[in-house]
Amino acid sequence: MKNFLVALAGCCLLGLGAGCVQQISLAQVGSAVADLGIAATLNDAKLKDMARAMRVQGDAEARVAGADDAYTRRLAQIMARHTEVNGIPLNYKVYLTSEVNANASADGSVRVYSGLMDLMTDDEIRFVLGHEIGHVAHGDTMRAMRVAYIGSATRKGIGALSPTAQALSGSVLGDLLEATLNAQFSQSQESQADDYSMQFLKANGYNTQAAVTALRKLERLGGGGGGMLSSHPDSGKRAERMAQAIGTR
């Protein structure tokens with residue numbers, strides 16, 4: 001880790017790399033290395049606090065469906081039985097937007113876009129959310145949060161980051177939220193999240209065919225599906241894999 005941090009500091013000193021676009025002083029490099037050290041060893045509880053703070057800011061900037069909104073009531077009914085994963089409490093909100101998307105963060109916040117709810121049946125929504133929750137269960141979102149934090153520390157160069165969520169500025173939280181939610185998971189991680197969601201459907205007596213039909217709907221959207229399609233593997237191939245898992249083609 002020491003060598004890794006020194007290498008990053010060297011890149012910033014030379015002005016190399018996408019996140020290091022200007023010269024910085026040796027004092028700033030020393031500060032950046034110290035901050036990166038904090039980021040690399042930050043415990044999960046503090047990362048969850050940061051994720052929670054990011055969500056508060058993200059919710060404030062989005063059009064969130066109210067408690068009495070039809071979307072909120074429908075989502076509450078769909079996921080009423082599913083309030084935690086691996087001891088992490090889950091909380092759900094709907095963003096009122098035509099974009100077809102959903103995501104979950106390390107603190108257990110699950111956000112569903114109304115465009116996705118308009119497109120899908122209840123069990124199809126359960127499959128999509130089961131996939132996103134699977135990333136939380138497997139620690140993928142936590143790792144993405146840690147990488148995003150280290151990336152921010154590198155770019156800022158810094159004394160700008162702090163190991164406490166309360167001390168982070170709005171701009172830093174916004175950067176972390178964007179980087180975390182746009183993280184590209186590996187093919188293995190995505191397949192494991194699909195498998196998690198398939199088991200989620202089976203274990204709770206939901207229609208497993210919904211995994212296939214949900215992915216086929218995303219496939220038909222092509223390039224017009226917004227963030228979900230740009231950050232996930234080919235939906236058609238995923239649909240084929242899920243069809244094989246339940247013995248249908």
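User: Which residue forms a salt bridge with Asp194?
Analyst: In this predicted model, Asp194 pairs with Arg238, and their closest N and O atoms are 2.8 Å apart. The two residues belong to distant parts of the chain: Asp194 sits in helix α9 and Arg238 in helix α12, 44 residues apart.

User: Are Asp194 and Arg238 buried or exposed?
Analyst: Asp194 is buried, and Arg238 is buried as well.

User: Which residues do salt bridges that share partners join into one network?
Analyst: Arg216, Glu219 and Glu240 are joined into one network in that way.

User: How many salt bridges does the count come to?
Analyst: The count comes to 11 salt bridges. As a general point, side chains of opposite charge can pair when their charged atoms come close.

User: Back to the two helices. At what angle do the axes of α9 and α12 cross?
Analyst: The axes of α9 (residues 187-203) and α12 (residues 235-245) cross at roughly 45° and come within 11 Å. At that angle α9 is oblique to α12. The crossing of α9 past α12 is right-handed.

User: Which residues of α9 and α12 meet?
Analyst: On the α9 side they are Ser191, Asp194, Asp195, Met198 and Lys202, and on the α12 side they are Arg238, Arg241, Met242 and Ala245. By class, this contact of α9 with α12 has three nonpolar residues, one polar and five charged.

User: New topic: what about Arg74? Which residue does the side chain of Arg74 meet in a salt bridge?
Analyst: The partner is Asp122, at 2.9 Å from N to O.

User: How do α4 and α6 pack, then? At what angle?
Analyst: Their axes are 10 Å apart, and the angle is about 75°. The two helices are therefore roughly perpendicular to each other. Arg74, Leu75, Gln77 and Ile78 of α4 make the contact with Asp122, Ile125, Arg126 and Leu129 of α6. Four residues of this contact of α4 with α6 are nonpolar, one is polar and three are charged.

User: Arg126 is on that list. Which side chain does Arg126 meet in a salt bridge?
Analyst: The side chain of Arg126 meets that of Asp123, at 2.5 Å from N to O. Asp123 and Arg126 are three residues apart in helix α6, so about one helical turn separates them. Both residues are buried.

User: What is the angle between α6 and α10?
Analyst: Helix α10 (residues 209-221) packs against α6 at about 85°, with the axes 8 Å apart. That angle makes α6 roughly perpendicular to α10. From α6, Asp123, Glu124, Phe127 and Val128 take part; they meet Ala210, Ala211, Thr213, Ala214, Leu215 and Lys217 in α10. The contact of α6 with α10 divides into six nonpolar residues, one polar and three charged.

User: I also clicked on Met117. Where does Met117 lie?
Analyst: Met117 lies in helix α5 (residues 114-119). At 1% relative accessibility, Met117 counts as buried. Leaving aside neighbours within four places in sequence, Met117 is in contact with Tyr71, Arg74, Leu75, Val94, Val112 and Ile125.

User: Finally, how many helices and strands does the chain have?
Analyst: The secondary structure comes to 12 helices and five strands. The chain has 249 residues, and 49% of them are buried. Among contacts between residues at least 6 apart in sequence, 68% join residues at least 24 apart.

Notes
Residues are numbered from 1 along each chain as its sequence is written. This is a predicted model: local features need pLDDT of at least 70, side-chain atom pairs count only at pLDDT 80 or more; totals for chains, interfaces and linings use all residues. Side-chain values use heavy atoms; hydrogens and water are left out. Axes are lines fitted to C-alpha atoms, for helices over the stretch in contact, and angles run from 0 to 180 degrees between N-to-C directions. Helices (H or I, at least four residues) and strands (E, at least two) are DSSP runs, numbered from the N terminus. Angles under 35 degrees count as roughly parallel, over 145 as roughly antiparallel, 65 to 115 as roughly perpendicular and the rest as oblique. A crossing is left-handed if the near helix is turned anticlockwise from the far one by less than a right angle, and right-handed if clockwise. Contact means heavy atoms within 4.5 Å. Ala, Val, Leu, Ile, Met, Phe, Trp, Tyr, Cys and Pro count as nonpolar, Asp, Glu, Lys and Arg as charged, and the others, Gly among them, as polar. A salt bridge is a side-chain nitrogen of Lys or Arg within 4 Å of a carboxyl oxygen of Asp or Glu. Buried means under 20% relative accessible area, exposed over 50%, partly exposed in between (1.4 Å probe, protein chains only).
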